[in-house]
Amino acid sequence: MESKQSHLEKYYHNKDFLNNGIKDRDKYPDWEITVIFYCGIHIVEAMLAEKNIHVSNHQNRRDAMENIDNIDDFIGEYTHLYQLSRKARYKCFLPKQRDVYDAQLDLDAIKSAAGIK
């Protein structure tokens, strides 16, 4: 099972790609939101791993999140980010820069709840 540290490393790896790998943000906002979502997933996975909880899919993760003490601090933002990323990945939705901005705010709430700056 992956450790809290390995999930945090994956978060930082994804964050680096978000900041340095997407060269034309106006052309690929759908991928930007997808990467932001996976940054959030790895932070949540790190929080779960700290409690020795490991999941293998989105529904199990959502159910397991009830074990996170400060879930109310970010569950709304996580849900919004999940829905936005699903639209971007599967519904042929091309997000606007405002959607990307909102996704980043959602990630910021998840980071704050996890104590990540």
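This is a predicted model: local features need pLDDT of at least 70, side-chain atom pairs count only at pLDDT 80 or more; totals for chains, interfaces and linings use all residues.

Colleague: Which parts does the Phe37 and Tyr82 pair tie together?

Modeller: Phe37 lies in helix H2, residues 29–49, and Tyr82 in helix H4, residues 75–90. The pair therefore links parts that are 45 residues apart in sequence.

Colleague: Is Phe37 buried or exposed?

Modeller: Phe37 is buried, at 0% relative accessibility. Tyr82 is partly exposed, at 24%. The cut-off for buried is under 20%, so Tyr82 does not count as buried.

Colleague: Switching to charges over rings. Where does the charged end of Lys87 sit?

Modeller: Over the ring of Phe93, 4.1 Å from the ring centre.

Colleague: Now helix packing. How do the axes of H2 and H5 cross?

Modeller: At roughly 10 degrees, and they come within 10 Å. Helix H5 covers residues 97–114. Angles under 35 degrees count as roughly parallel, so H2 and H5 are roughly parallel to each other.

Colleague: Which residues meet there?

Modeller: From H2, the list includes Ile33, Ile36, Ile43, Val44 and Met47. From H5, it includes Val100, Ala103, Leu107 and Ile110. By class, the contact has 13 nonpolar, three polar and three charged residues.

Colleague: What about Glu32? Buried or exposed?

Modeller: Glu32 is buried, because its relative accessible area is 5% and the cut-off is under 20%. Glu32 is in helix H2, and is among the H2 residues that meet H5.

Colleague: What does Glu32 touch?

Modeller: Leu18, Ile22, Arg25, Gln97 and Val100, leaving out residues up to four places away in sequence.

Colleague: Last one. Where does Ser3 lie?

Modeller: In the segment before helix H1, which spans 4–20. Ser3 is partly exposed, at 36% relative accessibility.

Colleague: And how far is Ser3 from Ala103?

Modeller: Their C-alpha atoms are separated by 26 Å. Along the chain, Ser3 and Ala103 are 100 residues apart.

Key:
Residues are numbered from 1 along each chain as its sequence is written. Side-chain values use heavy atoms; hydrogens and water are left out. Helices (H or I, at least four residues) and strands (E, at least two) are DSSP runs, numbered from the N terminus. Buried means under 20% relative accessible area, exposed over 50%, partly exposed in between (1.4 Å probe, protein chains only). A charge sits over a ring if NZ of Lys or CZ of Arg is within 6 Å of the ring centre and within 35 degrees of the ring normal. Axes are lines fitted to C-alpha atoms, for helices over the stretch in contact, and angles run from 0 to 180 degrees between N-to-C directions. Angles under 35 degrees count as roughly parallel, over 145 as roughly antiparallel, 65 to 115 as roughly perpendicular and the rest as oblique. Contact means heavy atoms within 4.5 Å. Ala, Val, Leu, Ile, Met, Phe, Trp, Tyr, Cys and Pro count as nonpolar, Asp, Glu, Lys and Arg as charged, and the others, Gly among them, as polar.
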